[in-house]
Amino acid sequence: MGDPSRWPATAEKLLDDRPLDLVGELERGPGRFDVRDLTIVAVDLEVSPFPHIAQVVKGTRLSRSTKQGEEAKRAVRIFGTSHE
């Protein structure tokens with residue numbers, strides 16, 4: 001199954017250089033604008049270092065404040081799912 005401490009690095013390697021699978025529309029929140037996107041990669045269960053994970057998903061949110069001069073912020077979340 002592999003060393004669990006290496007799973008984040010392995011997930012990043014699987015997702016590296018993958019095109020976006022879903023790009024969200026521009027959303028307006030209180031005091032900010034957000035754009036979210038998803039990148040999805042299937043994991044071969046026969047050789048996967050992840051127990052019971054069929055897909056690895058990366059969700060990215062780019063958020064920009066409506067205040068002038070503030071820099072955009074980027075947040076990335078990586079998670080696994082057993083659903084194909």
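## Overall fold

From the N terminus on, the protein chain runs α-β-β-β-β-β. That makes one helix and five strands. Helices (H or I, at least four residues) and strands (E, at least two) are DSSP runs, numbered from the N terminus. The radius of gyration is 16 Å, well over the 12 Å that the globule rule gives for 84 residues, so the chain is more spread out than a compact globule. The radius is taken over C-alpha atoms, and the rule is 2.2 Å times the number of residues to the power 0.38. Along its principal axes, the C-alpha trace spans about 50 × 25 × 20 Å.

This is a predicted model: local features need pLDDT of at least 70, side-chain atom pairs count only at pLDDT 80 or more, and totals for chains, interfaces and linings use all residues. Residues are numbered from 1 along each chain as its sequence is written, and side-chain values use heavy atoms, with hydrogens and water left out.

## Surface and contacts

Of the 84 residues, 23% count as buried. Buried means under 20% relative accessible area, exposed over 50%, and partly exposed in between (1.4 Å probe, protein chains only). The chain exposes about 6400 Å². Carbon and sulfur atoms supply 52% of that area. Accessible areas come from the Shrake-Rupley method with a 1.4 Å probe; for residues, only the protein chains shown count as cover.

Contact means heavy atoms within 4.5 Å. Among contacts with a separation of 6 or more, residues 24 or more positions apart account for 42%.

## Charges and salt bridges

The chain carries 13 positive and 14 negative charges. Their mean positions are 9 Å apart. Lys and Arg count as positive, Asp and Glu as negative; His and the chain ends are not counted. Each charge is placed at NZ of Lys, CZ of Arg, CG of Asp or CD of Glu.

The structure holds three salt bridges. A salt bridge is a side-chain nitrogen of Lys or Arg within 4 Å of a carboxyl oxygen of Asp or Glu. E27, R32, D34 and R36 are linked in a network of these bridges. R36 pairs with E27, the closest N and O atoms being 3.4 Å apart. R36 also meets D34, at 3.5 Å from N to O. D34 in turn bridges to R32, with closest N and O atoms 2.9 Å apart.

D34 is buried, at 2% relative accessibility. R36 is partly exposed at 35%, E27 is partly exposed at 34%, and R32 is partly exposed at 27%.

D37 is found in strand β3, residues 32–42. D37 is buried yet has no salt bridge. The nearest side chain of opposite charge is R74, 6.7 Å away.

What does D37 touch, not counting residues up to four places away in sequence? Its contacts are L20, L22, V23, G24, K58, G59 and T60.

## The loop at P51

P51 lies in the loop between β3 and β4, the latter covering residues 55–65. P51 is partly exposed, with a relative accessible area of 26%. P51 and D17 are 34 residues apart along the chain. Their C-alpha atoms are separated by 24 Å.
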